[in-house]
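Reader: I am new to this structure and would like a close look at a single part of it. Please show me the model before I ask.

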Amino acid sequence: MAKKQLKLRLAHLYPKRMNIYGDRGNIMCLKRRCELRGIEFEAAPLELGDKIRPKETDLVFIGGAQDREQRLVADDMVKIKAKALAEAAERNTVILAVCGGYQLMGKFYRGADGVELPGAGILDIWTAHPGPDAERFIGNVVVKWGETTLVGFENHGGRTYLGKGATPLAAVVAGYGNNGEDGTEGAVCRNVYGTYLHGSLLPKNPAFADFLIEKALRRQQKDLRLAELDDRIETMAHAEAVRLATRRAIIG
């Protein structure tokens, strides 16, 4: 009997409102890297009021936005999507949340004006902005992820802190990371990954893109190993981005 055609089913949360710094490029990267391997790719845009279907979703993505957009989606996140997100996480669905989306996956986000937005509670994190006069964390960032690096661009005023139920995604090499204090960047709980890295994240970090694809598809095929791609150009681009980011950090 022939093997069933693999299909990566992705839910893209709030693509019209949470899509700053080219976050849509992450979807394009996932689609392209699947197609190069003969894997079908299906992306469902979910806006306000739309429900997530955990049994039919392998990967969830939410991008970043400014505070105004976060306020617009926060209520929907908690009332419409949080329960399904929790179920998806229990089913080992991969969830990738970037910047503002990362903040909304936590317990709460307190803005510069002191207004507190409840989060989905999928990650054991909380975020607080120190106030309108506080330094904003802006610039290229390099982090150590396992035996390799991730590179991106961060732009956030909120400081994120991890509880005992989350572990850092990576360690800061250059840049600020979660809070500019403890040297951590991002957070992980089960197959839920949060990060401040924009730029877009995945095209600059193909190894991380493949890591997420493989984990997502293992819901369908436990022993799945992705076929390798010719990433010579992508690897060179990644290395150059890392070089420039670390050089600027050293120069100041």
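Reader: How many bridges join strand 11 to strand 12, and do the two run parallel or antiparallel?

Author: The model shown is a predicted one. In it, strand 11 and strand 12, the latter covering residues 184-185, run antiparallel and are joined by two bridges.

Within it, valine 143 of the chain is found opposite valine 172 in strand 11.

Next come the nonpolar cores. The largest nonpolar core has 65 residues, and the members that touch the most others are Leu13, Leu85 and Met105. Helix 2, residues 67-90, supplies the largest share of this core, with seven residues. Apart from this core lies another, of five residues, including Val142, Val151, Ala174 and Ala245.

As for leucine 13, its contacts beyond four places in sequence include Leu46, Phe61, Met77, Leu85 and Met105.

These parts belong to a protein chain with six helices and 14 strands. Its radius of gyration is 17 Å, close to the 18 Å from the globule rule for 252 residues, so the chain is as compact as a globular protein of that length. Buried residues make up 51% of the 252 residues. Of the contacts with a separation of 6 or more, 70% are between residues 24 or more positions apart.

Definitions and conventions
Residues numbered from 1 in each chain as written. Predicted model: local features only at pLDDT ≥ 70, side-chain atom pairs only at ≥ 80, totals over all residues. Heavy atoms only, no water. Pairing = 2+ DSSP bridges. Helix = DSSP H or I, 4+ residues; strand = E, 2+ residues; numbered from the N terminus. Core = buried A, V, L, I, M, F, W, Y, C linked by side-chain atoms within 4.5 Å. Buried < 20%, exposed > 50% of the residue type's maximum accessible area, 1.4 Å probe, protein only. Contact = heavy atoms within 4.5 Å. Rg over C-alpha atoms; globule rule 2.2 N^0.38 Å.
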